[in-house]
Amino acid sequence: MQYYKFVVLSSLLLLPEPTPAWRSDTVKIWARTLGEELWRLSESLTKSDQIRIKYKQMNASVKKKDGKQILDSSLRSVSTMLTRKINAVKCIHATAERLAADFEFDNNTTYKYCSAKYSQFYNESKHKIEGSENIPKFAENNSHYTEVSLEKDSHFYDINVNTSTSCIHVPTNIYYQETAALNAILWSKQLDEVFINNYKSDPSLVWQYFGSSHGVLRFYPGMPWKKKGVDTYDCRVKSWYIEAATCSKDVIVLFDVSGSMTGFKNYVARRTLDALLATLSNNDYVNVYKFNATTLEVVDCFKGLVQATPENVATITDALEPMDDGKKPKVVLEGNANLTTAYIKAFKTLKEERERKQCNVSSTQGCNQLVMLITDYVPGNLTEVFEEHNREVVDNKTYIPVRVFTYLIGKEVTNVREIQWMACLNRGYFVHIHSVEEVQQQVLKYINVIARPMILEGKNPPPTWTHANIDHTRTKTWNVSKDVNKPDEDKLVTSVAIPAFDYKSDEFRSNALLLGVAGTDVPIDSIAKLAQPHQLGVNGYSFIVSNNGYLLLHPLLITTINNDLQKNYNSVDFVEVEQVDDGKGPRELGDKIKELRENLVNGSDGSMTEVEVLYQYDSMRRIARVKHDYFFNKLEGTPFSMGISLPMGYGDTELMLKDNPLEAKQGQELIGVNVTTYFDFAYRVHPDWVYCKYHYLEGHESQNAEIEIFKFLVNISRNEIDITKKQYGEQTQSVEFNVSEHCSTTPLGKDEYYCNEDLVKQLVFDAKLSTPYFRTWESTDEEKSLAEKYNVKVRFIATSSGLTRWHYIFDDSKNEKVDKEGNRNKDYTGEVFGDLHYNAIEETWYKAAVLQHMIDTESLVIATKLPVLDKIIKSRPTVANKDGDIIVTASYAIFYKDGDSMTPAAVVGFQFIFNNFQDLFFKMTESTEGELKCDENSNYDCYLIDSSGYVVMSREGKDVGQFFGSVGQGKHTQQVMQSFVDKKVFEYTEVFNYQALCPDSIRGVSESNCGFSIDTPLRLASNFFKWLLFEAFLGLFNILNWNDYTYAASLQNVYNYVTDDHEFSDIESETDFYESTTTNFPPGINETEPKGGKEPEKEKVFSCDHSITLYILNQSYFLDSTGLYLVVNGEDGGDCHPQYWAALVTKTNLLLVVVEKGTLTYEGCKEPPKVEPIPTPASRKSSEPCHKLDLGRLPRRPLEGCYTYHDKERNITECGIGSLTRPYILTQICMILLALLMSKLDL
């Protein structure tokens, strides 16, 4: 029996293999041949084996690093830096209070000051700097304005500034000679001494400023204000001012939409609402109820209170703005106003919020809650409503939990006393707004009321910190800085501010008056540099999260798209960028991410390890399923938390140098090692890492980061530099603030510097190690021939110290030489490798190589540039370079092993041209005997695709960089990809981009149902006569009361505003609707269109969510097989995919795929998801951020030091009066006559 079995088995073995098996073998041979050749080419070009040995020869070792220790060390440095900033602001604050109290105002005083808008400025060459074209008459040749000389200062981003003086900015709607404004200008002049001393003591300080309660801003260093456009700036509505003065608030605005609120009054009411909402920040919660006979939310989905993010605020204001240039209202104005139900709804909502937050109304630090009423009329006394719904008794003491602020709109009003008492009886304030130019000034009066409890408390106010803001002086809007072309993510700042109180006018604080707010900006990138990015290593990163969970720092934070600053750039939540691998859908949060976020928000000291994450890189086009360890803790003195994320497997190790590369060896002079010899040819250092730096950059400017470090290296070689000097000590300043001690710190010397000792040593070590391998290329004729065959252009190395080197092997004109001054020289005038790739461990090919090493230790990553698929992006670079060539990059990670530990020490690689690669590949396939060919006349298409599913090689060059499932004719590749997914060769995962933009055209909701009314001819005539009477009265009224109006609001400007809405548009149709803030004026009606006619309107976009499908090659499918790699065999074909064969290219991340051509259409077959970004269903439904509201319900940490109540506040009787109260007889007569005539014209 055994004999027969043997005969049968032998006969089977001798049978010829079926054809499909032969084809599989052919594909396997191609994959092996190509892979081995590429690996051989890599080793000859990069010398990776020799470099790995060199680490050993140079006595390097591997040590474990502790994420907690790295974070703690960073926190100590950051905390010290932030304490210095706080102390600088405290010096400004304390000095301001003293100066204001001591100052005696004399209207006859002769004075001069630097006006940021109107002074004459001169540049370094003594040439005049042209000012604004539209200078008002009062500012022409004004003797009160000084002439100011400026110099470019590298510390202030090469902006022309004067560090010997500050400048003054006065809002457009305030005249500088008004008593209050001029008083602030004069007493604050001596703040210059504090500004300058602060800067000398801490040269890392940037903009310092003091904003007075009357709108005057003094800022240092002095510079001209933005010249282009209308100036709408008012420091009192900036987040640093508002948050310092008022702390966090819960606000409900009651907006009257009854039938009397039409035309001009509605316009003024909307501008009032805009001004109110502009004073809110991310720390506040808000909602707006529109009321007439009923009370409803302005935005249907905004129930209760929503966070006052810029996006939510914009949604509210947009819901009330008319469409079609003001001709079609979104909200119909009709019926009578039922103010009782509106108040009750507001008070009930706020009470629910107090209960949710567990606020104690009797506590001085309870909930800060406000109701703000915008109306033109109140029916009568509503005392019973307040007694029932806005009174709480605690321990037999009655408290008023909600302040009421009332804004009476219009000139022809009644029941003024009633609306005033609504505010007076509820700890609020009343103002009467007659016209648009008053809005800003009147709205801002509520700030001082909110600040009262803090002033009355009598304690030193705590510093407040803002969420991220953009430094506009560095943007294209101002266009004065060298940084204009840098990403806006690098220009983010947080501001620290402290409120100052007016003790001269209010010595005993009986009226609790606010003097202003002192502050300074802290660049986020300066914090990031102290987070030791080199120690975090490849694929590790740091982040900063606010008490609201919003990001100030994160590598995936996006602030600008298409050069436009995003509305929600400073309210991006941590959970919107950090995606845990938990299989959740859009906006669904798993337990892990919620736990991580809660720890960050609460400022907890701790860690979370082995968190499964979806690690995105290459602009969200590639992804890896990995595990990360998170470490986090609070940033003391701030509402922020800082964290770091380290990849498991290699993120807990780093290279350690046993020998000091700066010390002399035997045979060398003891004066030190001339380390500059390692930097005399092509290199770049990471431009954002601090190796060594001077505290004062002026006088030590360098053209680039390489020259800067080279100068230090020269002095290191001479033993003239102490690289142990730190920018900040690691011990936080725990000494209590004292003006005499902290405001008279000894200035640093102009040549003082600081270094990162470990990073400098590592840099020198890496430069020394790489020099023999990248100065020239030692190669055999065979190796040169192989490089020529692939048309290799350049080889490179990048290291963990941020060093990048390269060498062009066949074009020496592109190889740089560095002279003794550190200047780089080359014959080629174009960009070279180092000009395009200088971020070392942050480059995509570096990250990918390290990730690939964790899958296969001997494997190249081969990839090309990928196209941008998001169609909303205007500038989408092509896959090919400027010369029309497609560059293929191969990279390999060198892990250095020491004992049982290893760490990623460097990545080496080379670049070659796609066309040569294509020719070589297809020649290789054509040389094979048999039917299986890849030429264009064969029955097969052949591809190389990378581990993310993108095409690296195809017969058609246009396929390169595209998703494999979308190339070729018909659906063949699409169905092959689906088969790969079915066989688990590829897997895909869905990720979400919550910072995307979508065009309005994708929305499914129509706005055609918005109601509007049609005026009859009779009504138009009535409106016309009303308008004439109104204008006549307005002119007379302004003449009689001109002193009480701001100088800037001319009758023509007011005319431009009031003729701008529905009720007036039929009279002056040529006046375009103009959206603006209340502090600037719309263009005059005689302004001409730009040449060539009107510019085409941009398609409107809105913030939305994208779903993106990303693919991952399951390389273990091949690597875990014994012997040669498996071939994925789809020879069975069938109804849903053609015949195909696929094999992993040896020692690479590439998959070689051969697909049979055919005519099948695969109707009804399952298809793999596309990789193009797709708006989520919620984003398609509406442009309103309703789907984001759940974020507002996530935990928040309340701000500390907020005062909302004080017993002495009962003694303050001032609660507001109309802005114009003088009983001019003629004015009163005009009002009566106007009201009578208007009533007769009502039809």
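This is a short walk through a predicted model of one protein, from the overall picture down to a few single residues.

Let's start with the whole chain. The protein has 1243 residues, and 57% of them count as buried. It carries 31 helices and 47 strands. Now take contacts between residues at least 6 apart in sequence. Of those, 75% join residues at least 24 apart.

Next, the cores. The largest nonpolar core holds 219 residues. Which residues touch the most other members? Y407 and Y446 do. Helix α4, residues 67–102, gives the most to this core, with 13 residues. There is also a second, separate core, made of 61 residues. M58, I797, C942 and V1127 are among its members.

Now helix packing. Two packed helices are described by the angle between their axes and the distance between the axes. I have two pairs to show.

Pair one is α8, residues 263–278, with α9, residues 310–320. The angle is about 180 degrees, and the axes are 11 Å apart. The two helices are therefore roughly antiparallel. From α8, the contact uses R270, L273, D274 and L277. From α9, it uses V313, I316, T317 and L320. By class, that is 5 nonpolar residues, 1 polar and 2 charged.

Pair two is α7 with α14. Here the angle is about 45 degrees, with the axes 7 Å apart. These helices are therefore oblique to each other. On the α7 side we find Y241, I242, A244, A245 and T246. They meet I447, I450, A451 and M454 of α14. This contact has 8 nonpolar residues, 1 polar and no charged ones.

Stay with I450 for a moment. I450 sits in helix α14, which covers residues 445–457. Is I450 buried or exposed? Its relative accessibility is 2%, so I450 counts as buried. The C-alpha atoms of I450 and T246 are separated by 5.5 Å. Along the chain, those two residues are 204 apart. Leave out residues up to four places away in sequence, and I450 touches T246, N368, L370, R403, F405 and Y1203.

On to a sheet. This one is open and has 5 strands, in the order β24-β23-β29-β28-β27. The pairing is antiparallel. Which strands stand at the edges? They are β24, residues 551–553, and β27, residues 606–617. Each has a single partner strand, so one side of each has no neighbour in the sheet. From one strand to the next, the twist averages 35 degrees.

Look inside that sheet. Strand β23, residues 541–545, runs antiparallel to β29, residues 641–647. How many bridges join β23 to β29? There are 5. In one of the pairings, Y541 has S645 in β29 as its bridge partner.

Helices lie against these strands too. Helix α4 returns here: it lies across β28, residues 622–634, and β29. Its direction is at about 145 degrees to β29. Helix α17, residues 591–601, also packs on the sheet. It touches β23, β27, β28 and β29. The direction of α17 makes about 115 degrees with that of β27.

Last, some backbone details. Most residues other than glycine have a negative phi, and most peptide bonds are trans.

The peptide bond from Y220 to P221 is cis, with omega near -5 degrees. P221 lies in the loop between β9, residues 217–220, and α7, residues 239–246.

N141 is not a glycine, yet its phi is positive, at about 50 degrees. Where is N141? It lies in the loop between β3 and β4. At 82% relative accessibility, N141 counts as exposed.

N562 is not a glycine either, and its phi is also positive, at about 55 degrees. N562 is placed in the loop between β25, residues 560–561, and β26, residues 564–565.

That's the tour. Questions are welcome.

Technical notes:
Residues numbered from 1 in each chain as written. Predicted model: local features only at pLDDT ≥ 70, side-chain atom pairs only at ≥ 80, totals over all residues. Heavy atoms only, no water. Core = buried A, V, L, I, M, F, W, Y, C linked by side-chain atoms within 4.5 Å. Buried < 20%, exposed > 50% of the residue type's maximum accessible area, 1.4 Å probe, protein only. Helix = DSSP H or I, 4+ residues; strand = E, 2+ residues; numbered from the N terminus. Axes fitted to C-alpha atoms, helices over the stretch in contact; angles between N-to-C directions. Parallel < 35°, antiparallel > 145°, perpendicular 65-115°, else oblique. Contact = heavy atoms within 4.5 Å. Nonpolar A, V, L, I, M, F, W, Y, C, P; charged D, E, K, R; others polar. Pairing = 2+ DSSP bridges.
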